[in-house]
Amino acid sequence: GPEAAPPPAAAALWSLAKDSSQYQKRISMSYGGRAVPCLVNLLATGGGKGAQNAAGALYHLSHDDLAREDMVRSDVVRHCLHVVRSGELDAPAEAAAVLGQLALHDVPQLVGDTGGIKALEALRDLLRSKRGGRNTPAYVAAAIRKFAKHKDNRTGIFRVRIVPDLVALLDTSAAARAASTIGYLALHASEELVPTALLAVHPLVSLLENDALPEAKAPAACALWNLALLNDDSKVLFITSGAVPRLVNIIDSKIAPADARGYAAGALGILACSETAGQEHVTAMLPEAVPALLRLAATPDAGSAGAEAITALGRLAGPSADARAEIVGQGGVDVLAKLLLPSTTDLPIENRVRAAETLRWLAWKAPYTQDAIARKPGVMRQLVYFLAVDNMELAASAAHAIHGVVVDNEENKRVAAAEGAIAPLIALMRTAVGSSPRHSTPRTAAASSGAVAALRSLAALEANQSEVAEADYDLVGIVRAGTDSAAADAAGALRHIASTASGRKREGMRLAVPVLVDALLHRGGDAPAQAARALQYLSLEQELRASMMQVVDSGDPQTGTPCVLDGLASLVRHGLGEGPARAAAVLEHLAIDEAHRDAIGEHGDAVHALVKLLVVARPARSTAVDLREDLRAAAAIWRVCVDDDRTKATVAAAPGCVARLAQLLKIEDPPNPKVAREAAGAILSLAACRIDANHRTIAREEAIPQLSRMVLEAVLAGDRPAPDASDTPLAAHDGAPSEDESPQTMAAAQAAGALRAFVLFSEPPHFQHVVKARAIRRLVLALRCRRGASLRKEAEYALLTMVTLPEAKPHIITALVSALDAKNTTLGDEAVRLLSTLGARNHGDLSRIAVAVRALLKDVHAGPAAANCERVLAALNKTRASSPKARAVRTHSTPLPAKEDAPPNAEESRASVAEYVPNVHPDVDQAAAPDPNDDDDDAHLDLTLLSSNLSKRYSNDDDL
């Protein structure tokens, strides 16, 4: 056309292309398809206004795919770069916009180390040169944001050092575009690019208070939100730059745009999740931040900004007890509960979802908040109603909220069950899982995990277990194929179901055994520990124990070893939290059966894992988890060693094992007699064999003095008020003791048994260690123990069996005769009874006892001691009168012949006493069920778990 025609014509095309996508297509197809090449030609040759109008038209036409192809063929990239570098007026700005639009669609000439870098350098130089019109900085910033879509270009943006130039724009009219670009770069910045991105923090914080640029506040808040996500260093920088009060001001502003308030709430929520040193700055702002967030959340037309405010409240409540208290104190429960009630039908679903999630975090293990939510009229009922809605995300958040309200809160578990929560939770779990948990979507996975977690908490209450048990098959399926987190919760629910005898007998529990064993081997997270807890209960049933030992590893079906032992050994060695202790408890239960005990001994690795768990070094073994590990490891070692000399030799030879057991006998440090009891039982089992190396190790590690001291401490404690076992870190009892029992005397009874086993099975020279530890005297003292029937019986049994050994007899008789002079009446009576019994059993001892008693009688002359002596002599005389051999003794003035006087052969005496574990009653062969109300779930295997055939009981005195 004429010389003056091209610029106005290009301007007209610019205006038409801007109006609609239909015009864009018609323009690109007009003039025989030559319109775009003509515009590119004008861009290259028109100069000034012509180039500007052509670039403007090309920018809008580049939204059309056909026009964009024509541009590339016409070499538009080269011409745009030329205009950017040397153009006049606003032509460089419009050309930069064209480059940005083309880069957004990944035009090859504008991507990577060649074309992309060249274009970015040209845009950077344009910013620094200050050329072009007033719109140039904003257009360039917008173009850079579009370049940043491609990963290679994002790296190039940092390489050409264009970020400082964008930061410099934050106090200009281009601040909104620059802030938006910086926010996008921060959202996708790699770790090495973080320091450069953090240059924008201070200017963006200042921009929040720049009222001259109100349109820039929302992009600035959004950019700060993205920058806060980078790392903890960025959060510290935010806090030190004064971002927190400025964000609170934006949130509470009546004139700030709604999206700016929402972005500010999101950034504040991210800062609240920080565990950095600056967290106290967020805590200090809680009195201002919480009311502002609550007001924004309660605003009816806040939309997505209200949703972000609700989320920020949840993030504040998550890590901080102070924040939870502040939110509750400011009426947060009322605000959030109102968002859930049916009266707010016009509220977006997203806001309801986030309100339920925030209630979950507010309630999490905070009894006051839990009660406030549960007792708010209609809230629990509405949460239960949401479980059945079609929106899976809302149902999932409701399930998680119910879980948060009921966890560790028995009363709220009753409230939720009364509102009918269990049935819809089961239905939600089944709906979310569908035919296969392996093919669930993120939303269905969240719903099933929330439902399973809630069911696990509800099942902890015995009244709810029968209803939750109806989902046992579904729970087994989730353990088999769900996520690790869901599998852990499902195993936890199965554990609660299995805590009762009726639950263990359900068919679903039989199907659960191989699945739980597989979880030990192939699951991650907390799933193996929870599977072990469930197996701990299931192993109380003999049939289920047999089933566990028959499971074949799905990953290695050819192995000949029961894979449950591999899984338990691995969990004992490498598990976290309570996993090792629970695995050790399962091994303890499996050792009830002789065949299983032999398999554990042959496996070897399980035994070594138990030893490692016992002796592993810790800075301070004083926590409940550490004490539980000590308890379980010692108990399991005790049981797996019974009747298996090879295992006993292995355990005793393990470096540090016996030393650790001896250390655990010090019941006052740590103050837990239950642990000492199991340690004494383990030493009893190690001592009850003919392996001299075991006895040397026990003596070398000073276990005998500790055992003796346990007996003495229990006797002395009998004169004091009964200790409250609940004061100990492990409060759950191993079984209900008799009325005159205490945990300390029960531990001392095991110590007495260990002393007896050591004396009976060791070589005579080792008896010196017993004498040196004053164990005989202390066993005699135990006869007077008022609060310890098991200790009295075990001490008497020990004395009556050990007296058959020639090295022990004089010490026992001397100690008993000395006890006749005791001030304690009970001790004196017991000494009279036992001396009379010994004289009646062995006529060779009768004269020895009579001589010793007469010698004492000469010294005491009168009083209770004299009366005790007279009673013993009277009993001995009665024995003489009733026995022909004894009457023959009276006619001799010389000592008894050697044949009559000699005690039974020492080796025969030892051989006649088989390995014996005290407190095992022949009529009790079943484990006591653990207390289902005890959340500690010790499910402790009492001594009665050992079958009666494991110890040879003697029915009358002659058998001794």
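What share of the 960 residues of the protein counts as buried? The share is 58%, where buried denotes under 20% relative accessible area, exposed denotes over 50%, and partly exposed covers the range in between (1.4 Å probe, protein chains only). The model is predicted, so that local features need pLDDT of at least 70 and side-chain atom pairs count only at pLDDT 80 or more, while totals for chains, interfaces and linings use all residues. Residues are numbered from 1 along each chain as its sequence is written, and side-chain values use heavy atoms, with hydrogens and water left out.

The protein contains 58 helices and zero strands; both are DSSP runs numbered from the N terminus, with helices being H or I of at least four residues and strands being E of at least two. Its accessible surface comes to about 38800 Å², of which 52% belongs to carbon and sulfur atoms. These areas come from the Shrake-Rupley method with a 1.4 Å probe, and for residues only the protein chains shown count as cover. Among contacts with a separation of 6 or more, 74% are between residues 24 or more positions apart, a contact being heavy atoms within 4.5 Å.

Aspartate 75 has a positive phi of about 65 degrees although it is not a glycine. Aspartate 75 lies in the loop between α5 (65-73) and α6 (76-86) and is partly exposed, with a relative accessible area of 31%. Glutamate 702, likewise not a glycine, has a positive phi of about 60 degrees. The loop that holds glutamate 702 runs between α46 (692-700) and α47 (703-717), and glutamate 702 is partly exposed at a relative accessible area of 47%.

Charge pairing is the next topic. Side chains of opposite charge can pair when their charged atoms come close. A salt bridge is defined here as a side-chain nitrogen of Lys or Arg within 4 Å of a carboxyl oxygen of Asp or Glu, and by this rule the count comes to 42 salt bridges. One of them joins the side chains of aspartate 371 and arginine 375, at 3.4 Å from N to O. Both partners are partly exposed: aspartate 371 has a relative accessible area of 25%, and arginine 375 has one of 49%.

Arginine 456 and aspartate 489 form another salt bridge, with an N to O distance of 2.9 Å. This pair links distant parts of the chain, since arginine 456 belongs to helix α30 (residues 442-459) and aspartate 489 to helix α33 (residues 484-497), 33 residues apart. Arginine 456 counts as buried because its relative accessible area is 18%, and aspartate 489 is buried at 13%.

In the salt bridge between arginine 506 and glutamate 470, the closest N and O atoms are 3.9 Å apart. Arginine 506 sits in the loop between α34 (501-504) and α35 (507-522), and glutamate 470 in the loop between α31 (462-468) and α32 (472-481), so the pair ties together parts that are 36 residues apart in sequence. Arginine 506 is partly exposed, with a relative accessible area of 25%. Elsewhere, salt bridges that share partners join Glu588, Arg632, Arg639 and Glu678 into one network.

Two buried residues illustrate contacts beyond the sequence neighbourhood. Aspartate 593 is placed in the loop between α39 (579-590) and α40 and is buried, with a relative accessible area of 11%. Leaving aside neighbours within four places in sequence, aspartate 593 is in contact with Gln542 and Arg545. Serine 836, in helix α53 (residues 825-841), counts as buried because its relative accessibility is 17%. Not counting residues up to four places away in sequence, serine 836 touches Val872 and Ala875.

Glu594, Asp598, Glu602, Asp643 and Asp645 form a negative surface patch. Patches are made of residues with over 30% relative accessible area and no salt bridge; like charges are joined within 9 Å, and nonpolar side chains (Val, Leu, Ile, Met, Phe, Trp, Tyr) within 5 Å. Asp and Glu count as negative and Lys and Arg as positive, while His and the chain ends are not counted. The place of a charge is taken as NZ of Lys, CZ of Arg, CG of Asp or CD of Glu. Helix α40 (residues 594-603) gives the most to the negative patch, with three residues. Aspartate 643 lies in the loop between α42 (624-641) and α43 (645-653), and aspartate 643 is partly exposed, with a relative accessible area of 41%.
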